[in-house]
Structure formats: C-alpha cells, structure tokens
Amino acid sequence: MKVISTISELQSRIKSLNLSPVGFVPTMGALHKGHLSLVERAIPDCPLIIVSIFVNPTQFNDKNDLKNYPRTLDSDLEMLDTVLRQADIVFTPSVEEMYPAEDKRVFRFGNLDNVMEALHRPGHFNGVAQIVSRFFEIIKPDIAIFGLKDFQQLAVIKEMVRQTRDKVKIVGSPIIREADGLAMSSRNMLLEPEIRKNAPIIYKTIKQASSMIREKDIPEIKSFVKGSIENAENFELIYFDIVDELELKPVTKKTKMNAGKKYYGCIAVKAGKIRLIDNIEIGLD
Ligand code: AMP
C-alpha cells in the first residue's frame, strides 16, 4: 500500500494505475476490525482500493468531541497493511487540503434530517455530506463502502448520491461486534473500564427488543429499552426508535408496520461521557 496526503499526488497515482473499479472506504481512523471488514468487502470487486483517514471537523457539533476523538495513525497504518495490496492507497489529507476555504454548502435530506441522530447532533449530517461529496469529487470511486453501524449515515449518503446523480455505487456492510456483543467503535477505547464492562447491555437490550415485537406493541418495547439501559449505572438512553429502512420514519404502533418493508431498531446511549450508537433489524415474522 502507498500512503499519500495530497490531492494532486493521489489523483496522478489513480490515473497512472488505471485500475477499475475503484473502491473507496472513508474512515476517521482509530481503526478496528469493523473498518477492516469494509476493506475486505471491497477487495474481491476492486483492484484498487482507497482508504481515507481524516477526522472531519465539519461533522462534529461538539468541539470537545472533536478534540478528544482518538488519533492513532501508526497503528492504523499497521492494521491496513495486513489487508491492503501493493497498489492500494491510504489517503491521509490535512484539514487545509480538504477545506482550502470554508465549506458553506447546505444539503437537504428531508425526513432523514428530522429524526434520531439529526435531532441530537445538529449539522452533523451536513458535515458528513460535505466531506463525503468532496472525497467523491476527488477520487471518483465506482464503489464506496459504508458500515451499517452508522445506519442513518448510510441512508443520508444514499440520498445525497440520488440527489447529485453521482454514478458511485453505495454498499452497506454488516456491523462487526466484540465477543461480548458491543458494536466495535473508535469511541470504545474512550470508555472507563467499569462502563466498558457494562456496555454489552446495549446490544443485549436491542436484541431483546427485536424479539419482543411478536408479543408487544412499540410503546411497551420503548419503555423496556429505557428501563434496561438506565438500570446500568451511568448509562442514559438518548433515543430508541424503530424506523423503516428507507425513509427512517419512526413507527409508533405495530399496526402501522408494513410486512413488505424492513425495519431497524436504532439506539443512542450516553455511556458515562461517551455517546454510543447501535442498531438491529426488527422483523415482523
Ligand atoms: P468512522 O471511522 O467511525 O467514521 O467509520 C468509518 C466507517 O466504518 C463508517 O462507514 C462506519 O459505519 C464503519 N464502521 C464503524 N464501526 C463499524 C463496525 N463495528 N462494523 C462495521 N462498520 C463499522
């Protein structure tokens, strides 16, 4: 693999390699096996893969979160070296390289902007769209892989691509978990030991919620989730919503669920000082 940090070098390298399809995996670093699974998903289809490592300031609505976000470039490169091939590229641009001037673009995502993460992190998805569209313009990938872990982000990116009529194919890849069920996340390394010990309650709770759908209605399931999460010391539920896969409209009653659609239970939790998200498919049958 080759590590490149300027746009001009990246573009001339992509051009001279002349390989296609080009796969793209955007990350903010502090890599774990979840990130590597996205690369592995791209390998069979893409003779050239570009992995970006860039902590994007415009998607952080909380300055402290941006400051404390883990940065582990050396070990990130070691991990990528175990999966990437000779031609593949790790792109590590600076903030100045990505944003030579302030990015003032405003994206509109309709309902996707009015639910869950969007309500609690104002401006977050606009920042995500700014950086991902900028990467798409620079790299012009054929395929881009995103984790289902960030369920709403994946829906937002698909909508952005629909609006811009970009030809890139967006692929969602499954959530990779620790042995105890906690969804892998760069933020897990920031958890205090006691909080980390109790963090598997998040997945355990949504798994139970997903099996409750047969017997219980949605308000009962939501109150079960709140009780189960807040039973753990220093854990606070930010939201738990059951939404359809495409529009992400929260459903309030089981009778409003449609057998032909896919639904997901999406959760955000404050675990000590750290915000964690997870989700699970909720099947009606
Ligand atoms: P991040 O570095 O957190 O911005 O994540 C970069 C990409 O990795 C996003 O598409 C995430 O959805 C994906 N990702 C993060 N954690 C996981 C996980 N546990 N399993 C699968 N994909 C993940």
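User: How far is an oxygen atom of the ligand from an N or O atom in the side chain of aspartate 150?

Analyst: The distance is 2.7 Å. That is a polar contact, meaning a pair of N or O atoms within 3.5 Å; within protein, one must be able to donate a hydrogen and the other to accept it, and residues adjacent in sequence count only if both atoms are side-chain atoms. Before we go on: this is a predicted model, where local features need pLDDT of at least 70, side-chain atom pairs count only at pLDDT 80 or more, and totals for chains, interfaces and linings use all residues. Residues are numbered from 1 along each chain as its sequence is written, and side-chain values use heavy atoms, with hydrogens and water left out.

User: What does the backbone of glycine 147 do at the ligand?

Analyst: One of its backbone N or O atoms lies 2.8 Å from an oxygen atom of the ligand. Isoleucine 176 also takes part: a polar backbone atom of this residue is 2.9 Å from a nitrogen atom of the ligand.

User: How much of the ligand does the protein cover?

Analyst: It covers 92% of the 490 Å² of accessible area that the ligand has on its own. Accessible areas come from the Shrake-Rupley method with a 1.4 Å probe; for residues, only the protein chains shown count as cover.

User: Which elements give two or more residues to the shell around the ligand?

Analyst: Strand S2 (22-27), helix H2 (33-42) and strand S5 (143-147) do. H2 gives the most, with 3 residues. Helices (H or I, at least four residues) and strands (E, at least two) are DSSP runs, numbered from the N terminus.

User: How many residues surround the ligand?

Analyst: There are 17, and the closest are His35, Gly147, Asp150, Ile176 and Met184. The shell divides into 9 nonpolar, 6 polar and 2 charged residues. Here Ala, Val, Leu, Ile, Met, Phe, Trp, Tyr, Cys and Pro count as nonpolar, Asp, Glu, Lys and Arg as charged, and the others, Gly among them, as polar.

User: Is asparagine 18 buried or exposed?

Analyst: Exposed, with a relative accessible area of 66%. Buried means under 20% relative accessible area, exposed over 50%, and partly exposed in between (1.4 Å probe, protein chains only).

User: And what is the phi of methionine 116?

Analyst: It is positive, about 40°, although methionine 116 is not a glycine. This residue sits in helix H6 (residues 116-120). Methionine 116 is buried, at 3% relative accessibility.

User: On to helix H10. Which of its residues are buried?

Analyst: Ile201, Ile202, Tyr203, Thr205, Ile206, Ala209, Ser210 and Met212. They pack against helix H9 (193-198), helix H11 (218-230), strand S7 (235-244), strand S8 (263-271) and strand S9 (274-282).

User: What span should H10 have?

Analyst: At 1.5 Å a residue, its 12 residues should span 16 Å, and the end C-alpha atoms are 16 Å apart, which agrees. The expected span is 1.5 Å times one less than the number of residues.

User: What does alanine 209 touch?

Analyst: Ile221, Phe224, Val225 and Phe240, not counting residues up to four places away in sequence. Contact means heavy atoms within 4.5 Å. Alanine 209 has a relative accessible area of 0%, so it counts as buried.

User: Which residues does serine 210 touch?

Analyst: Leaving out residues up to four places away in sequence, serine 210 touches Ile280, Glu281 and Ile282. Its relative accessible area is 16%, so it is buried.

User: Last one. Where is serine 186?

Analyst: In the loop between strand S6 (169-173) and H9. Serine 186 is buried, at 5% relative accessibility. Its side chain reaches the backbone oxygen of alanine 30 at 3.0 Å and the backbone oxygen of glycine 29 at 3.3 Å. Beyond four places in sequence, serine 186 has contacts that include His32, His35 and Tyr69.

Terms used:
A residue is near a molecule or strand if one of its heavy atoms lies within 4 Å of it.
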